[in-house]
Amino acid sequence: MNTSYDVKFFEISRNETSKTPSYVIRWTVGGRQKSKTLRSKALAESFLSDLRQAAKRCEAFGMETGLPLSMLQAKSARTAFEFVRAYIGMKWPHAAAKSRDGMSDALSTALPALTKDRPARPDAETLRTALRKYALLPDGKRPDAPHEMAQAIRWLEGASLDLVDLGETKSTSMGPVRTAASSVASAVA
């Protein structure tokens with residue numbers, strides 16, 4: 001992960017484009033502009049204070065997220081892949097066969113889009129097959145995966161986005177991921 005100690009903060013401003021009051025915190029990390037919008041001025045001041053205190057403690061800030069490493073470690077405990085597996089485990093026993101099929105089909109389509117750019121990415125069909133036939137089955141129902149599928153699953157485990165990153169809009173070959181990412185993030189909250 002690229003980090004930087006070059007952090008600059010700007011004043012909190014009211015978001016004039018929003019119908020409801022919200023406040024925007026802006027800062028730069030290594031020359032890259034970052035921002036976060038929060039509902040109240042008190043929340044915005046608190047968040048900015050946390051950022052300033054981290055900078056004062058000489059913490060490194062992540063270039064991608066703009067957050068100090070201490071915030072990243074606290075928030076990145078679970079990935080989208082882990083969440084989807086937990087969701088499947090929770091829903092599977094009470095779902096009808098067609099519902100299970102539809103759930104695994106939808107999640108095996110969306111989950112590959114919720115990954116980081118990492119080398120050795122398996123092709124889309126391999127990822128989808130690995131998810132549908134092996135990874136997205138509950139623990140007691142999951143057969144042993146062949147070598148190629150096991151590699152694809154390991155790649156997914158390593159490349160899966162952290163849940164805290166799902167609020168960010170990213171463009172992929174499948175188009176914008178905001179809708180799928182937002183629904184997963186809202187299910188977590």
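Let's start with helix α5, where Thr126, Leu127, Ala130, Leu131, Tyr134 and Ala135 are buried. If you look down the axis of α5, these buried residues fall within an arc of 130°, so they line one face of the helix. The face turned away from that buried side carries the exposed residues Ala124, Glu125 and Lys133. Keep in mind that this is a predicted model.

Now, what does α5 pack against? Two packed helices are described by the angle between their axes and the distance between the axes.

Take helix α6 (residues 147-159): the axes of α5 and α6 come within 9 Å and cross at roughly 95°. An angle of 65 to 115 degrees counts as roughly perpendicular, and α5 and α6 are therefore roughly perpendicular to each other. On the α5 side, the contact is made by Thr126, Leu127, Thr129, Ala130, Leu131, Tyr134 and Ala135, while α6 brings Glu148, Met149, Ala152, Ile153, Trp155 and Leu156. Sorted by class, this contact has 10 nonpolar, 2 polar and 1 charged residues.

Next, turn to helix α4 (residues 97-110), which packs with α5 (residues 124-135) at an angle of about 150°, the axes being 9 Å apart. Angles over 145 degrees count as roughly antiparallel, which makes α4 roughly antiparallel to α5. The crossing of α4 past α5 is right-handed. Here Asp101, Ser104, Asp105, Ser108 and Thr109 of α4 meet Arg128, Leu131 and Arg132 of α5. What classes do the residues of this contact divide into? There are 1 nonpolar, 3 polar and 4 charged residues in the contact of α4 with α5.

Notes:
Residues are numbered from 1 along each chain as its sequence is written. This is a predicted model: local features need pLDDT of at least 70, side-chain atom pairs count only at pLDDT 80 or more; totals for chains, interfaces and linings use all residues. Side-chain values use heavy atoms; hydrogens and water are left out. Axes are lines fitted to C-alpha atoms, for helices over the stretch in contact, and angles run from 0 to 180 degrees between N-to-C directions. Helices (H or I, at least four residues) and strands (E, at least two) are DSSP runs, numbered from the N terminus. Angles under 35 degrees count as roughly parallel, over 145 as roughly antiparallel, 65 to 115 as roughly perpendicular and the rest as oblique. A crossing is left-handed if the near helix is turned anticlockwise from the far one by less than a right angle, and right-handed if clockwise. Contact means heavy atoms within 4.5 Å. Ala, Val, Leu, Ile, Met, Phe, Trp, Tyr, Cys and Pro count as nonpolar, Asp, Glu, Lys and Arg as charged, and the others, Gly among them, as polar. Buried means under 20% relative accessible area, exposed over 50%, partly exposed in between (1.4 Å probe, protein chains only). The arc is that of the directions from the helix axis to the C-beta atoms.
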